[in-house]
Amino acid sequence: FLPMSDEELNDSSKGKEWRRIQFGLKFFHAIIQERRKFGPLGWNIRYEFNDSDLEASTTITHNMLELDGGIPWDTLLFVIGHINYGGRVTDDKDRICLLAVLEQYVTPKIVDPNYAFSVSGKYRCPPNSDVATVEGFREFVSTFPLSEAPEVFGMHENANITFMSQEAEKVLGVVLSIQPREAGGGGGKSPEETVTELVQRQEERLPVLLSDENAHADSFKIMEDTGLMSSLGTCLTQEYGRFNALLQRLMKTIKELQKAIKGIIVMTADLDDMFNAELNNMVPNIWTSGVGYPSLKPLASWFEDMILRVEFFRDWIDHGPPVSYWISAFYFPQGFNTSVLQGYSRANMIPVDALSFEFNIESTDDPEELEEPPEVGIYVHGLFMDGAAWDYEDMVICDQEVGTMYVKFPVVHFFPEQNKKPNPEKWAAPLYKTSVRAGTLSTTGHSTNYVLSLEVDTDETPN
């Protein structure tokens, strides 16, 4: 309310509604700005909303209220949500979130004196909004808690834990980046000795390259009717080729770094970056650029995870298709999903673009409990929930427990369905490769980090 005057506040033929909607709009503007501090939990992409968005929305709202008849709520929602603010939003899921937040403030309920913006009731319009001056509005806002609770953003208490963890990681990242390489005076190992030991252990544990020489008959099955390899076989070929390229890069750079530390070859910029990354338990850029898969793990966890991924594909090659697929192991899970649809399309002579997945959530998160693969479709495991949990009693999505940041998602049965229509009673939960969620915008209109949306049951309104 800083740039607003009493004249502007009183300049409407629908004074009561204008005042409360004004407060709601400004509150909404503050909320979407502050949500950015929560990182991907707030917005997939950090948008630069500014005062011009609020000014345009205020002017349009004023003009709409001066028209004869009732307040056109749907029009206000569309213009403010899709055009004024939505014009900056490039991620489809962020647009859905923006409109869901806006509906809490541009709503007929806002003219009700008892309507609150949060569950606790702390955040609401001033009780004397019909007659309050601009200064009165400012004084009322000053009574809000100094440290806003996540509930005002429509978020869980764990969102604050995530925010504080992100801030701590930033500080520690800066500290690690500027620490000196020299060893202390306590007689400990030098950085060169530490890194040498690390890369030697990595070299010893590095998996051998994947090969199809002793492959199971079903892993790269040739279809009798077409003479072509099965769609999943083609996907497997592409995936193990990518992992072999990564393993070759690891082998080459680990050997080169050991030579560079000994002074046998020149320590290049890439090798120096790798040295610092090994020292700070970070994945070297030379391992991720061009040949790596998206991952947020520190080096120690990343290396263990890489070995497990390679062994998953080795087991698939040597022993045939698994009962359940570890979808998190794939470089390109979108391609894997398309392979499943394509296989069903060829078997049933249905156009692949008419197919999409229906989902059945199983009652376990352990794929070892599954005895055999499904007759149609596939089982998928390895998913985690960020910002939610799963209720195994009612088989619905629910709130997290406080302090539990990530929850294993149950095994999911993906089965193709022709001309499937979205179920309005289920919530479409977006699946991402990493919790960063943001990626580059692809030709599909989605982020490259986005895989698909799983329809799950919920006791809440799916909005």
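Are phenylalanine 27 and phenylalanine 144 buried or exposed? Both of them are buried. I will come back to that pair after a word on the whole chain. Please keep in mind that this is a predicted model.

First, the overall picture. The chain has 13 helices and 10 strands. Its C-alpha atoms fill a box of roughly 80 × 70 × 40 Å along the principal axes. Of the 463 residues, 43% are buried. The accessible surface comes to about 24,500 Å², and carbon and sulfur atoms account for 53% of that. Now contacts: take those between residues at least 6 apart in sequence, and 67% of them join residues at least 24 apart.

Next, helix α2, residues 15-34. With 20 residues at 1.5 Å a residue, α2 should span 28 Å.

Now the aromatic rings. The chain has 42 aromatic pairs, counting ring centres within 6.5 Å of each other. One of them is the pair I opened with. Phenylalanine 27 and phenylalanine 144 sit edge-to-face, at 5.9 Å centre to centre and with 80° between the planes. Phenylalanine 27 belongs to helix α2, while phenylalanine 144 is in the loop between α6 (134-141) and α7 (158-178), so this pair ties together parts that are 117 residues apart in sequence.

A second pair is tyrosine 293 with tyrosine 331. Here the ring centres are 5.5 Å apart and the planes stand at 90°, so this pair is edge-to-face too. Where do these two tyrosines lie? Tyrosine 293 is in the loop between α11 (285-288) and α12 (299-319), and tyrosine 331 is in the loop between β1 (324-326) and α13 (333-348). The pair therefore ties together parts that are 38 residues apart in sequence.

As for cover, the cut-off for buried is under 20% relative accessible area. Tyrosine 293 has 4% relative accessibility, so it counts as buried. Tyrosine 331 has 9%, so it counts as buried as well.

Last, charges over rings. Tyrosine 293 comes up again, because arginine 309 lies over its face, at 3.9 Å from the ring centre. Elsewhere, the charged end of arginine 35 sits over the ring of tryptophan 43, 5.4 Å from the centre of that ring.

That is what I have on this model.

Technical notes:
Residues numbered from 1 in each chain as written. Predicted model: local features only at pLDDT ≥ 70, side-chain atom pairs only at ≥ 80, totals over all residues. Heavy atoms only, no water. Helix = DSSP H or I, 4+ residues; strand = E, 2+ residues; numbered from the N terminus. Expected span 1.5 Å × (residues − 1). Phe/Tyr/Trp six-rings, centres within 6.5 Å; stacked < 30°, edge-to-face > 60°. Buried < 20%, exposed > 50% of the residue type's maximum accessible area, 1.4 Å probe, protein only. Lys NZ or Arg CZ within 6 Å of the ring centre and 35° of its normal. Contact = heavy atoms within 4.5 Å. Areas by Shrake-Rupley, 256 points an atom, 1.4 Å probe, with all protein chains shown as cover.
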